[in-house]
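Please look over the model shown here with attention to its sheets, its salt bridges and a few individual residues. The report is written for reading alongside the sequence and the structure.

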Amino acid sequence: MKIIKIFLLFLFLCVVAKGQTKLPKRQIKFKNAFGVNAFEWDFLDGKNSLAINEVQLNAMKSFNAIRHYMDWEKLEQEEGRYSFNPTKSGGWNYDELYRRCKLDGIEVLACLKTIPKWLQATYPEDMRDADNVPLRFGKDFSDPRSYIEQAKVAFQYAARYGRNKKISRELLSVDERPRWNNDVQNTVKVGLNLIQYIECDNERDKWWKGPKAYQSGRQYAANLSAFYDGHKNTMGAGVGVKNADPTITVVMGGLAKPDVGYVREMIAWCRENRGLKKDGSVNLCWDIINFHYYTGDDSSPTGGEAGRGKAPELSNAGKVATSFVSFARSEANGIPVWLTETGYDVNQGSPLKAIPIGEKSALTTQADWLLRTALLNIRLGVERVFFYQSYDYNASLEGKFSSSGLINTDHSRKPATDFFVQASNLIGEYYYVKTLNSSPLVDLYKIDKNVAYVLVKPGEDGGSINYNLELIGVKSVKVCRPSAGLSKMTEEVVDVKNGKLNIFVTETPTFVLPIK
């Protein structure tokens with residue numbers, strides 16, 4: 001009898017898995033590909049960290065979303081003492097930061113990362129590192145209860161910035177102690193409805209940091225189970241994001257090495273330790289799969305260890321994106337997939353550099369390649385893209401990630417950001433339908449009864465392709481091309497002859513919109 005039951009369960013799970021591969025395709029808006037990794041000081045005034053700097057905010061409006069790198073210590077500088085406005089570490093006003101982002105249509109993914117100094121202090125002096133696994137020294141990496149401190153601060157954050165107002169005030173606390181006389185005091189707030197997405201740490205597969213900072217897929221799943229819902233509500237009150245607000249979306253930490261095998265380990269742990277839902281699917285403790293990929297030397301685990309950057313279509317970027325989207329649909333209940341770090345440097349000493357091509361500077365090539373990275377990922381089913389990062393760390397450095405910023409020090413836009421703004425303004429609300437041709441690439445986007453075509457030559461030699469775009473019943477079109485230094489693409493009205501538009505397609509994407 002036991003064997004029969006196991007066989008029937010196996011058949012049921014096979015049916016569920018098979019059904020997941022037939023999930024309906026989501027409509028992915030083009031504008032969802034224009035997020036950026038950012039910090040609170042990209043918005044708040046350095047001279048008055050409680051107030052928004054309007055010039056800086058105006059620059060950040062270039063992006064539809066930010067991934068807010070948020071150090072745990074900002075929220076809990078001392079154990080059990082939480083602060084948000086002002087944060088006791090740094091004195092930042094998160095309430096105002098998030099309020100203005102929502103007011104100006106900037107979606108926020110809050111990435112809670114690193115460990116505070118009081119938690120580092122539990123480690124031997126030679127092992128103290130902000131990037132350590134988020135638990136006390138000596139705790140079991142495989143036990144959800146080891147991560148209770150992180151799960152508690154996640155609860156406090158979600159209770160404040162989520163939308164659930166029906167939380168017992170007894171579970172909420174802030175550090176009311178002023179820093180000095182007449183200082184602004186933290187006060188308890190609940191259900192501000194400012195944050196929809198929260199990410200549990202950043203790149204927990206930190207193999208380069210050694211055992212103190214690396215989690216296997218199974219260990220990270222245990223961590224997530226605490227963070228998500230207090231390991232199915234077994235860790236007491238005031239623990240876990242979903243116990244503060246069930247509607248908040250929990251994003252798994254972006255993987256430095258984009259390998260679906262890591263996520264498969266996470267799912268196996270959940271099957272064993274969280275069980276199945278009523279529909280037979282695994283009770284996962286995250287809502288979105290998240291990976292990182294920099295389009296450089298594809299011989300490395302992450303891309304970009306040597307050499308230079310590559311045009312996205314010529315790299316493994318498409319292969320990696322496809323592997324995650326296919327995996328999500330077949331093995332992870334069809335949950336969305338996000339890419340939260342990607343980009344190119346412009347310093348020609350970086351192994352992630354965008355290169356000059358013909359008369360194009362490295363900055364212009366960066367603009368081409370980043371816009372094409374957005375197109376590639378949407379084409380393959382990745383539902384959000386966040387580029388690294390808002391400002392250069394130090395453009396004079398030759399190392400990776402130092403010159404990948406998208407805004408100049410004077411808060412003006414770089415060419416890539418001009419391209420983002422122009423493309424988002426033109427067809428940001430359109431959603432991807434299908435790809436009509438591969439060389440050149442021709443993507444069809446649609447909203448209501450309106451369509452748009454995006455054409456690009458997938459190369460890096462500066463050439464072009466002559467192409468006949470079929471447009472039956474269309475008399476004329478707007479041909480729009482991105483241009484650095486402008487807020488709007490250059491436009492040309494062109495007549496369609498005999499149902500076809502003859503057009504030269506270059507390595508800078510061209511947008512074609514039929515005129516009714």
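## Basis of the model

This is a predicted model, in which local features need pLDDT of at least 70 and side-chain atom pairs count only at pLDDT 80 or more, while totals for chains, interfaces and linings use all residues. Residues are numbered from 1 along each chain as its sequence is written, and side-chain values use heavy atoms, with hydrogens and water left out.

## The parallel sheet

An open sheet of 8 strands runs in the order β5-β4-β3-β2-β1-β8-β7-β6, with parallel pairing. Here strands are DSSP runs of E with at least two residues and helices are runs of H or I with at least four, numbered from the N terminus, and two strands count as paired if DSSP finds at least two bridges between them. At the edges are β5 (249-252) and β6 (289-292), each of which pairs on one side only. Neighbouring strands are turned against each other by 25 degrees on average, direction ignored.

Strands β7 (residues 337-341) and β8 (residues 384-387) pair in the parallel sense over 2 bridges, and Leu 339 has Val 385 in β8 as its bridge partner. Helix α7 packs on this sheet, touching β3, β4 and β5, and its direction makes about 145 degrees with that of β4; contact means heavy atoms within 4.5 Å, and angles run from 0 to 180 degrees between N-to-C directions, with axes fitted as lines to C-alpha atoms, for helices over the stretch in contact. Helix α10 lies across β6, β7 and β8, running at about 160 degrees to β8.

## The antiparallel sheet

A further open sheet has 6 strands in the order β9-β10-β11-β16-β13-β14, and its pairing is antiparallel. Its edge strands, each pairing on one side only, are β9 (431-438) and β14 (490-495), and the twist averages 25 degrees from one strand to the next. Strands β10 (residues 441-447) and β11 (residues 450-456) pair in the antiparallel sense over 7 bridges, with Asp 443 standing opposite Val 454 in β11.

Helix α10 (residues 362-379) packs on this sheet by touching β9, β10, β11 and β16 (510-515), and its direction makes about 70 degrees with that of β10. Helix α11 (residues 415-427) lies across β10, β11, β13 (476-481) and β16, running at about 20 degrees to β16.

## Salt bridges

The structure holds 43 salt bridges, a salt bridge being a side-chain nitrogen of Lys or Arg within 4 Å of a carboxyl oxygen of Asp or Glu. One of them joins Glu 429 to Lys 29, with the closest N and O atoms 2.8 Å apart. Because Glu 429 lies in the loop between α11 and β9 and Lys 29 in the loop between α1 (2-20) and β1 (35-38), this pair ties together parts that are 400 residues apart in sequence. Glu 429 is partly exposed at a relative accessible area of 36%, and Lys 29 is also partly exposed, at 33%; buried means under 20% relative accessible area, exposed over 50%, and partly exposed in between, with a 1.4 Å probe and protein chains only.

Asp 71 forms a salt bridge with Lys 74, the closest N and O atoms being 3.6 Å apart. Asp 71 is partly exposed at 21% relative accessibility, whereas Lys 74 is buried at 10%. Asp 71 also bridges to Lys 113, with the closest N and O atoms 2.8 Å apart; since Lys 113 lies in β3 (residues 107-113) and Asp 71 in β2 (residues 65-71), this pair ties together parts that are 42 residues apart in sequence. Lys 113 is buried, with a relative accessible area of 15%. Elsewhere, salt bridges that share partners join Glu 78, Arg 81, Lys 88, Asp 175 and Arg 177 into one network.

Trp 118 belongs to helix α5 (residues 117-120) and is buried, with a relative accessible area of 15%. Leaving aside neighbours within four places in sequence, the contacts of Trp 118 include Trp 72, Glu 76, Arg 136 and Glu 149.

Ser 476, in strand β13, counts as buried at 14% relative accessibility. Not counting residues up to four places away in sequence, Ser 476 touches Val 493, Val 494, Asp 495, Val 496, Pro 514 and Ile 515.
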